[in-house]
Amino acid sequence: MIEKIGQIGVPVRDIERAANFYKEKLGLPMLFSTKTMAFFKCEGLRIMLSLPEREEFAHASSVIYFQVEDIQEVYLALKGKGVFFPVEPHLVAKMEQTETWMAFFKDSEENTHALMSEVEV
């Protein structure tokens, strides 16, 4: 049985530029890197940036939803570092006493990811 996600692979076109974005802009700790890959730690999950081995893998990735406690604070901090957000953080769902907020952004390789925050109201 599958228990958890251990790693998410994100295809990139320029490994140095992408590694810099995830390290400097998003502030994720780099575990290690090679000429074609870079690995980052994100609270028990590993994110692998990699140059595609074959053309069939050279496309935008799935969306990674980065959980944050204060979405407005993190949004402003990342925006201040030059991260592009097409839309400000916004409410996407409300279930009972919990609101789910999201803010989507592009990484240096044009992959779309998001900040996500669940707030008790």
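User: Which strands does helix α2 lie across, and at what angle does α2 run to β8?

Analyst: In this predicted model, helix α2, residues 71–80, lies across β7 and β8. Its direction makes an angle of about 150° with that of β8.

User: What makes β7 and β8 a pair of strands?

Analyst: Pairing requires at least two bridges between two strands.

User: In what order do the strands of the open sheet stand, and why are β5 and β6 said to be at its edges?

Analyst: The four strands follow the order β5-β8-β7-β6, and their pairing is mixed. β5 (65–67) and β6 (90–95) each have a single partner strand, so one side of each lacks a neighbour in the sheet. On average, and with direction ignored, neighbouring strands of this sheet are turned by 30° against each other.

User: Why is serine 50 called buried?

Analyst: Buried means under 20% relative accessible area. Serine 50 has a relative accessibility of 15%, and therefore counts as buried. Serine 50 belongs to strand β4, residues 45–50. Apart from neighbours within four places in sequence, its contacts are Val10, Pro11, Val12, Ile15, Thr36 and Met37.

User: Which residues of helix α1 are buried, and how do you know that they are on the same side?

Analyst: In α1 (residues 15–25), the buried residues are Ile15, Ala18, Ala19, Phe21 and Tyr22. They cover an arc of only 155° around the axis, which places them on the same side of α1. An α-helix has 3.6 residues a turn, so residues three or four places apart point the same way. The buried residues of α1 pack against β1 (7–11), β2 (30–33), β3 (37–42), β4, β7 and β8.

User: What is found at the start of α1, and what follows this helix?

Analyst: At the start of α1, a side-chain oxygen of aspartate 14 comes to within 3.2 Å of the backbone nitrogen of glutamate 16. The cut-off for a polar contact is 3.5 Å, so this distance falls inside it. Glycine 27, with a positive phi near 75°, follows α1.

User: What makes β2 and β3 a pair, and how are they joined?

Analyst: β2 and β3 share three bridges in the antiparallel sense, and since at least two are required, they pair. Methionine 30 has phenylalanine 40 in β3 as its bridge partner. A hairpin of three residues joins β2 to β3.

Note on methods:
Residues numbered from 1 in each chain as written. Predicted model: local features only at pLDDT ≥ 70, side-chain atom pairs only at ≥ 80, totals over all residues. Heavy atoms only, no water. Buried < 20%, exposed > 50% of the residue type's maximum accessible area, 1.4 Å probe, protein only. Contact = heavy atoms within 4.5 Å. Axes fitted to C-alpha atoms, helices over the stretch in contact; angles between N-to-C directions. Arc of directions from axis to C-beta. Polar contact = N/O pair within 3.5 Å; in protein donor to acceptor, adjacent residues only side chain to side chain.
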